[in-house]
Amino acid sequence: MSTPATGPYGALETRGGANLADILERVLDKGVVIAGDIRINLLDIELLTIRIRLLVASVERAREMGIDWWEHDPALSSGARSRELADENERLRQRVAALEERERTP
């Protein structure tokens with residue numbers, strides 16, 4: 001047998017509220033952006049500016065918005081790391097070939 005939910009002051013909750021899972025699903029589906037700037041000035045001289053941008057969204061929603069940096073970050077994607085190594089390997093091969101060519105020509 002379940003007991004009715006009580007509010008913060010012991011009163012019964014009579015209004016229908018969304019649970020945390022519903023709220024999280026809605027936020028991830030739509031996305032939320034939080035932006036802010038912090039500036040430190042001394043005698044009208046700007047010493048420091050920090051720009052903070054936070055985006056909370058699902059991966060699918062982020063891709064729809066054109067955001068996919070995690071796919072290219074070697075720290076977050078094994079595929080990105082192997083691509084980075086393949087690119088570096090190709091650059092080194094080109095440098096070795098150029099050095100060998102320079103050595104062959106008198």
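In the hairpin of strands β1 and β2, 2 residues lie between the strands, and leucine 43 takes a positive phi near 55°. The model is a predicted one, in which local features need pLDDT of at least 70, side-chain atom pairs count only at pLDDT 80 or more, and totals for chains, interfaces and linings use all residues. Residues are numbered from 1 along each chain as its sequence is written, and side-chain values use heavy atoms, with hydrogens and water left out.

**Confidence**

- The mean pLDDT (the predictor's confidence in each residue, from 0 to 100) of the protein is 78, and 81% of its residues reach 70 or more.
- Among the elements, helix α1 (residues 20–30) has the lowest mean pLDDT, 81, whereas strand β2 (residues 45–56) has the highest, 87.
- Helices (H or I, at least four residues) and strands (E, at least two) are DSSP runs, numbered from the N terminus.
- Where pLDDT is low, the predicted coordinates should not be read in detail.

**The strand pair**

- Strand β1 (residues 32–42) pairs with β2 in the antiparallel sense over 11 bridges; two strands pair if DSSP finds at least two bridges between them.
- Isoleucine 34 has leucine 54, in β2, as its bridge partner.

**Salt bridges**

- The structure holds 4 salt bridges, each defined as a side-chain nitrogen of Lys or Arg within 4 Å of a carboxyl oxygen of Asp or Glu.
- Aspartate 37 forms a salt bridge with arginine 51, with the closest N and O atoms 3.7 Å apart.
- Aspartate 37 belongs to strand β1 and arginine 51 to strand β2, so this pair ties together parts that are 14 residues apart in sequence.
- A network of salt bridges links Asp37, Arg51 and Arg53.
- Arginine 61 and glutamate 64 meet through their side chains in a salt bridge (2.9 Å, N to O); they are 3 residues apart in helix α2 (residues 59–64), and therefore separated by about one helical turn.
- In helix α3, glutamate 101 and arginine 104 are likewise separated by about one helical turn, being 3 residues apart, and their side chains meet in a salt bridge (3.4 Å, N to O).

**Exposure**

- Buried means under 20% relative accessible area, exposed over 50%, and partly exposed in between (1.4 Å probe, protein chains only).
- Arginine 61 is partly exposed at 28%, whereas glutamate 64 is exposed at 61%.
- Glutamate 101 is partly exposed at 41%, and arginine 104 is exposed at 59%.
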